[in-house]
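Hello,

Here is the structure I said I would pass on. My notes on it follow below.

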Amino acid sequence: MSSYCYVVFPPGKQPTVDEVREFQQFAGALAGQYAWGAARNDGRLTLAIDAASYQHVRRIDAGFTKLIDRWERHGCESVDHLPFVKNNAALKPAPSHAWYAHDGRESVHTRRQADQVAGKELAAKEAVARSLLAVERTLAQYALLQRIAVAVPYLLIALAAALTVGTGFYVRERLLSSGRESRQEVIEREAGGEGESGAVMRSR
């Protein structure tokens with residue numbers, strides 16, 4: 001089991017000023033074992049509380065339990081495992097009327113604002129994802145060009161060697177198939193001619 005319990009707030013929503021003050025009243029009972037921050041995966045505001053302190057205070061203090069239950073009714077969730085980044089600046093308490101109208105239901109204006117904030121957050125995340133993907137593709141193309149640039153000199157050397165060997169074989173075949181006498185044949189013919197000339201001279 002994780003040593004912390006995480007209370008994660010809905011996207012684009014913060015606890016009210018009054019709720020933050022109410023929570024701070026339990027700081028002593030929690031022995032200060034809590035921290036405000038953000039979820040690493042989606043940036044939602046998160047309250048991390050030592051799990052043992054969290055369970056203990058929920059058992060002994062109905063006010064603390066009531067506050068957590070109220071947050072959960074508003075859309076918060078309590079989880080045991082979460083990639084968490086401590087950041088006190090992530091807490092920006094909302095006005096006390098921001099979540100719900102006086103009749104106990106979420107106001108249309110508040111809901112519209114929350115939807116706009118959530119939409120902007122989603123658009124920003126999509127833009128970041130597209131940028132990272134473009135950078136990754138560019139780096140992959142650059143790495144491929146580097147590998148090709150390293151291999152080109154060796155390919156040229158291999159091509160030159162193959163052309164040299166091929167040219168040698170071609171010249172050899174042309175010489176062999178040209179019908180010209182070989183050196184040995186020329187020597188034998190000349191030697192034969194000299195023998196006949198000597199015989200003629202002796203006959204005279």
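**What was found**

The protein exposes about 14,500 Å², and carbon and sulfur atoms supply 58% of that. Accessible areas were computed by the Shrake-Rupley method with a 1.4 Å probe, and for residues only the protein chains shown count as cover. Please keep in mind that this is a predicted model: local features need pLDDT of at least 70, side-chain atom pairs count only at pLDDT 80 or more, and totals for chains, interfaces and linings use all residues. Residues are numbered from 1 along each chain as its sequence is written, and side-chain values use heavy atoms, with hydrogens and water left out.

The secondary structure comes to five helices and five strands, taken as DSSP runs numbered from the N terminus (helices: H or I, at least four residues; strands: E, at least two). From the N terminus on, their order is β-α-β-β-α-α-β-β-α-α.

Of the 204 residues in the protein, 25% are buried (buried is under 20% relative accessible area, exposed over 50%, partly exposed in between; 1.4 Å probe, protein chains only). Among contacts (heavy atoms within 4.5 Å) with a separation of 6 or more, 75% are between residues 24 or more positions apart.

Next, the aromatic rings. Rings of Phe, Tyr and Trp (its six-membered ring) pair if their centres lie within 6.5 Å; planes under 30 degrees apart count as stacked, over 60 as edge-to-face and the rest as tilted. The count comes to 10 aromatic pairs by this rule. In one of them, F23 and F64 have ring centres 6.4 Å apart and planes at 40°, so the pair is tilted. This pair links distant parts of the chain, with F23 in helix α1 (residues 17–24) and F64 in helix α3 (residues 62–73), 41 residues apart. F23 is buried at a relative accessible area of 1%, and F64 is buried at 0%. F64 also forms an edge-to-face pair with F26, at 5.3 Å centre to centre and 70° between the planes. F26 lies in the loop between α1 and β2 (34–39), 38 residues from F64, and is buried at 8% relative accessibility. Ring pairs link F9, F23, F26, Y34, W36, Y54, F64 and W71 into a cluster.

Last, helix α2 (residues 51–60), where A51, S53, Y54 and V57 are buried. They lie on the same side of α2 because they cover an arc of only 165° around the axis, taken from the directions from the helix axis to the C-beta atoms. A52, R59 and I60, on the other side of α2, are exposed. The cover over the buried residues of α2 includes β1 (4–8), β3 (45–50), α3 and β4 (77–79).

Regards
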